[in-house]
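The sequence and the structure come next.

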Amino acid sequence: MTATSEIFRSVPSRGAVDQRRVGTPDATATGVARLSDYRTVGEPESANLPRPSLSDREVEVLLAWLAAESKEEAAARLFISASTVSTHLARIRAKYTAVGRPAPTKTHLFARALQDGYTSLDRW
């Protein structure tokens, strides 16, 4: 027996993870989104999603920001200021919220861009 195995034997077990708390519908009731909320399994489901009307420039800014590490980097690529990027993103988020598909984080916006066909996983 090694010293390491002796240490593990002497530490009381905390037991298994409580499976009732992981991945249950209760987790989504608290506002935690599931990956399946962003997946489009079939074309009919994705066709039913309300899609906001984003301008070409909003889509361009959104995709540049998604590809960048920061708003400043996206702004430099587009030859605009970081505050202009922020303004575009605020308007994009407001449009998604208006159609009932809020996107408060960068990850949410990426998922929405995929769902709405503004980009594809092949591009990333």
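## Contacts and basis

Contact here means heavy atoms within 4.5 Å. By that criterion, and leaving aside residues up to four places away in sequence, L62 touches L89, I92, L109 and A113.

The model is predicted, with local features needing pLDDT of at least 70 and side-chain atom pairs counting only at pLDDT 80 or more, while totals for chains, interfaces and linings use all residues. Residues are numbered from 1 along each chain as its sequence is written, and side-chain values use heavy atoms, with hydrogens and water left out.

## Helix α5

Helices are DSSP runs (H or I, at least four residues), numbered from the N terminus. In α5, which spans residues 71-78, the residues A74, A75 and L78 are buried (under 20% relative accessible area with a 1.4 Å probe, protein chains only; exposed means over 50%). These residues lie on the same side of α5, because they cover an arc of only 100° around the axis, taken from the directions from the helix axis to the C-beta atoms.

The cover over the buried residues of α5 includes α4 (56-67) and α6 (82-98), whereas the face turned away from the buried side carries the exposed residues E72 and A76. After α5 comes F79, with a positive phi near 60°.

## α6 against α7

In the contact between these two helices, L89, I92, R93 and Y96 of α6 meet K106, L109, R112 and A113 of α7.

## The nonpolar core

The largest nonpolar core has 20 residues, of which L62, W65, L89, I92 and L109 touch the most other members; such a core is a set of buried Ala, Val, Leu, Ile, Met, Phe, Trp, Tyr and Cys residues joined through side-chain atoms within 4.5 Å. Two or more residues come from each of α4, α5, α6 and α7, and α4 gives the most, with seven residues.
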